[in-house]
Amino acid sequence: MIRSKLFVALRLGVIGFALLTWTYGVATFSPFAFDMFIRPRLMPSLSDFVAWHHVLYWVAYLATVVTLIDDLRARADGPRPARAAWGVAIGCVAVLGGVGVLLMRSPYLPGLENDRRSLVAAYLALLPLLALAVLDHMRAWPVAQPATAAPSQERLLRACLSAAGFVWLVSLIAWLMRKPVPVGEMAALAAWGWSLVLNLTIGVAAYVALLLVSSFEALPRPRPAIAHLAGVAVIAVGVSEWLRRVVLPAISLDAAVSGPLSVYSGVVIAAAWSGLSLRRAVSQPRPRSAADTLLWTQRPLMATAALAAVPFALIPLLTTIERVDWAYVLHRLAIGGVWIVAIGLFLSVYREGARPAWRRRLIIAPPLAALALAWSVPFGLAQLSRTLGDPDLAPAAIADQQAPIDASFRVSMGLLNRASIDLVSFRQRVLDRATAADRGTAVPTAVAATASPPAAHRPPHVFLFVIDSLRRDYLGAYNPQVTFTPAIDGFARESYVFRNAFTRYGGTWLSMPSIWVGGPVTRRWGDGRFAQMNALEQFIRRESYRFLINDFTVAMHLRADTAVTRLDPTVESADTDLCHLLQGLGPELDRAAGQPLFAFMAPMNVHIQNTHVRGGNPVDPRYPGFYAPYAARLERLDGCFGDFVRELKRRQIYDDSVIIITADHGDSLGEHGQWGHQHFMFPEDIRIPLLVHLPGRLRQGLTTDLERASFSTDITPTLYALTGRRDFIAAEDYGAPLFVDADRTLASRRDGSFLLTSSYGPAYALLRNNGKEVYVSDLINGREYGFDLHRGMLGTEVPVDERMRRSGQQAIEAHLERVSALYR
Amino acid sequence: MAAVLAVLWLALPVTLPRADVHNATAECLSLNTPAASPDVTTLERCRALQPRDTQLLVALGDAYQKAGDDRRAEGAFREVLRVDPGYAEVRLRMARILLAGQRFEAAEVELNAALRVQPNRRELQTLLEAVHAGARMARR
């Protein structure tokens with residue numbers, strides 16, 4: 001007879017294999033996840049799993065067979081239940097073995113693409129678990145004797161509240177072990193106090209769920225079977241809701257798919273867990289309650305040791321997860337797992353004493369107390385904030401600061417802070433439109449098929465610097481507090497400084513191609529249609545530029561017959577350095593007299609990977625009020641740019657060049673407690689610098705509007721217009737030239753609204769009032785924000801009122817519908 | 001037990017304190033559409049609800065000018081510039097009003113500010129020349 005521990009270990013391995021296969025199927029089906037994670041093979045271990053899946057399948061198969069040995073040994077002429085189980089076991093072995101043979105002949109997973117087959121694979125991946133769950137219930141149900149009395153309310157309550165305190169304490173220790181960015185003591189105290197209250201609230205909710213399950217055992221005529229089924233139902237609902245509300249929206253899967261998938265997956269996972277729990281219970285010495293069975297309680301000494309070990313395992317895990325996580329999905333999974341494990345362990349530690357009859361007050365009082373606390377804390381904080389005049393104590397500010405550093409706070413807030421019904425339905429409509437756009441097959445372009453005649457004069461050289469993650473408030477040209485960018489500031493005095501510029505997309509993946517297209521792109525932009533939409537490449541070819549590029553997003557999608565010189569081709573993306581790129585440009589300048597140059601550079605000197613992950617001391621007296629690692633790298637970059645400008649002047653090329661400094665997007669450097677630009681659409685992420693130097697011969701007859709909302713997608717149409725080309729046709733949602741003849745004015749952008757989209761998830765910013773009013777809808781976290789950008793580098797956060805919400809959501813939907821129509 | 005769970009599920013969710021609902025009428029929400037041509041009374045009512053909406057204030061200023069009330073128009077345009085000092089088009093309108101009122105220095109200030117935002121724009125330069133000419137005439 002196979003030992004219980006070995007059985008459990010092998011089955012967990014099989015479950016893990018099935019879930020990993022499911023994960024790959026789902027990620028491949030999601031257009032967003034496929035383009036972001038799967039196609040670029042961002043996770044080498046996942047790629048290896050896929051490549052070896054047909055072999056690993058056999059490992060899982062053998063593990064399954066070993067766990068079925070006892071079932072296969074059941075006598076064919078034994079009692080009916082055993083014969084039935086034997087039949088199912090034989091069927092499992094045969095069918096799964098046949099699947100294994102088919103996979104060896106034709107491995108399925110590596111051939112999956114972003115289509116329905118991937119979704120089918122995800123569904124099929126869990127079927128073996130369902131079959132095994134059926135078998136487990138057939139074999140173990142009659143044998144796993146249920147308890148004759150329900151667990152006591154006191155034990156359940158103590159276990160749940162202890163688990164809550166434990167998870168909170170581990171989160172606090174994890175925070176103290178890091179080097180926290182200094183916050184006000186009062187705010188920190190309030191934040192961690194609120195976190196404790198939220199954790200206790202979740203603990204009480206878990207207690208109520210356990211009461212529901214155990215209540216069937218507390219009836220005058222106990223119903224242990226129903227208690228067990230109730231427990232399984234709670235697990236199924238919990239897993240389904242977590243998938244539907246947390247995981248699947250994070251990869252932009254629309255409701256039509258995520259709903260059924262979540263329900264199916266939740267049911268299968270709950271059934272598999274139930275079966276495994278029953279099998280384990282068979283080997284336990286005495287009858288157990290449904291809660292004990294499903295939560296795997298064990299001997300108190302072992303449970304105590306396990307509790308002591310949890311922090312040592314969790315804290316390094318959270319640190320590792322932080323580097324690869326997406327929209328905190330893995331964080332939430334880790335904390336959710338710790339919650340469940342902690343409740344089980346504390347149930348093990350608190351032994352059952354005398355079992356008094358259930359009392360009504362222990363059913364009603366804890367939830368009421370939790371309700372009162374959970375409601376009163378944010379209102380109390382709001383009052384305290386108003387009384388003391390300290391905005392850091394406002395609940396929204398505390399939530400923004402605490403969520404990134406306290407995983408249990410984030411999970412608790414996510415569970416408790418339900419989005420309004422309006423926001424849920426809005427999210428569904430938005431995801432549906434975004435998915436429709438991603439799946440569209442049309443090839444929109446704003447460039448005329450036939451090139452207009454070239455201008456009489458020679459086109460100017462073009463040097464286009466799109467500096468990844470460059471923030472405008474870190475340049476002296478925008479922010480007088482900045483003292484570390486003298487070269488760029490000097491360049492700005494000889495250039496046009498567009499003070500109200502925005503990126504159309506919050507991340508490189510979509511922002512870069514949108515600059516080249518001069519308009520909206522979808523997440524499928526790189527699937528072979530890009531050449532027809534790539535207006536900037538067509539411009540370069542039509543003007544016969546000598547083309548130089550350093551870029552890791554668009555460069556691999558240029559036409560094969562486009563003559564191009566790649567700068568620093570062997571340097572890894574995160575290591576691209578403007579200084580080194582400009583050195584490489586030197587020899588190319590020697591040949592500038594013969595043919596006009598077009599140089600496109602996208603260095604990563606101030607990308608979050610270099611400024612925060614690789615880091616440095618955040619505070620430095622040379623950069624007061626600024627994030628020092630970012631400022632220091634920018635200062636170096638500025639020095640190199642200054643040398644470059646002097647070199648252009650020395651060669652008398654400067655006044656024959658269009659030179660543009662901009663960014664694909666900004667970055668969060670701790671504002672709102674966030675770092676980087678995953679899916680953030682705050683002012684620091686969406687505002688960009690845009691500095692344009694024009695040759696003297698072009699400046700004379702042109703005017704512009706430096707305060708008008710301008711976009712990174714205006715750059716390409718501007719270059720067309722500057723060379724006298726009329727090939728770029730004005731169209732709604734596309735960019736427009738930044739300059740017009742001096743006796744005209746630019747079309748106003750004050751009446752309409754403009755949609756900015758996150759590159760990496762369903763988060764949107766809607767600009768109105770010439771970009772001075774911003775409504776942000778973060779559909780990943782179910783949050784919304786309002787900003788007034790009239791004053792200050794980063795504007796002021798304002799409450800989202802009904803007008804802003806209603807008009808913002810309507811406009812977001814309308815914009816998405818237009819983009820979707822472009823691609824249908 | 002089911003009742004307790006239902007109460008928890010419906011009542012427990014903690015929502016962060018929301019802003020007071022600021023109910024704008026549907027009329028005010030639609031003012032930015034091209035088809036809208038509101039009168040002064042409507043604009044003044046909406047201004048009370050949306051005091052920092054610069055497009056609303058510009059429309060109000062234009063409506064005042066159309067009704068011959070340059071003083072109120074100037075007030076509305078000044079309000080715009082308090083909110084958005086970079087609104088060059090409004091500075092042009094202000095400059096026209098000031099020029100009509102022979103306030104040449106003030107008009108020159110507005111036009112120079114506008115030219116910093118819209119460098120080289122001929123219409124601004126032409127009006128600035130008119131302001132200088134008017135100032136010279138006034139000095140004689």
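This is a predicted model: local features need pLDDT of at least 70, side-chain atom pairs count only at pLDDT 80 or more; totals for chains, interfaces and linings use all residues.
Residues are numbered from 1 along each chain as its sequence is written, chains are lettered from A and ligands numbered from 1 in the order in which they are written, and side-chain values use heavy atoms, with hydrogens and water left out.

Back to the hairpin, then. Between β15(A) and β16(A) there are four residues, and N769(A) in that turn has a positive phi of about 55°. Across the pairing, A765(A) stands opposite V776(A) of β16(A). On to the next strand: β16(A) also pairs in the antiparallel sense with β17 (residues 783-788) of chain A, over six bridges, and there S777(A) stands opposite E784(A). This second hairpin again has four residues between its strands, with G782(A) taking a positive phi near 65°.

How enclosed is β16(A) by the rest of the structure? Six of the six residues in this strand (773-778) are buried, so β16(A) is largely enclosed; buried means under 20% relative accessible area, exposed means over 50%, and partly exposed lies in between, with a 1.4 Å probe and protein chains only. In a regular strand the side chains alternate between the two faces of the sheet. In β16(A) both faces are covered, with E773(A), Y775(A) and S777(A) buried on one side and V774(A), V776(A) and D778(A) buried on the other.

Elsewhere in chain A, strand β6 (residues 597-601) is mostly covered, five of its five residues being buried. From β6(A), L597(A), A599(A) and M601(A) point one way, whereas F598(A) and F600(A) point the other way. This strand runs parallel to β1(A), to which four bridges join it, and it also runs parallel to β4 (residues 546-550) of chain A, with five bridges. A599(A) is the bridge partner of F463(A), and A599(A) is the bridge partner of L548(A) as well.

D468(A) is buried yet has no salt bridge, and R471(A), the nearest side chain of opposite charge, is 12 Å away. For charge, Lys and Arg count as positive and Asp and Glu as negative, with His and the chain ends not counted, and a salt bridge needs a side-chain nitrogen of Lys or Arg within 4 Å of a carboxyl oxygen of Asp or Glu. Leaving aside neighbours within four places in sequence, the contacts of D468(A) include T508(A), H607(A), D664(A) and H677(A), contact meaning heavy atoms within 4.5 Å.

Finally, chain B, which has eight helices and zero strands, and in which 41% of the 140 residues are buried. In helix α3 (residues 40-49) of chain B, T42(B), L43(B) and C46(B) are buried. Seen down the axis of α3(B), these buried residues fall within an arc of 95°, so they line one face of the helix, the arc being that of the directions from the helix axis to the C-beta atoms. The face turned away from the buried side of α3(B) carries the exposed residues T41(B) and A48(B).

Conventions. Helices (H or I, at least four residues) and strands (E, at least two) are DSSP runs, numbered from the N terminus. Two strands pair if DSSP finds at least two bridges between them.
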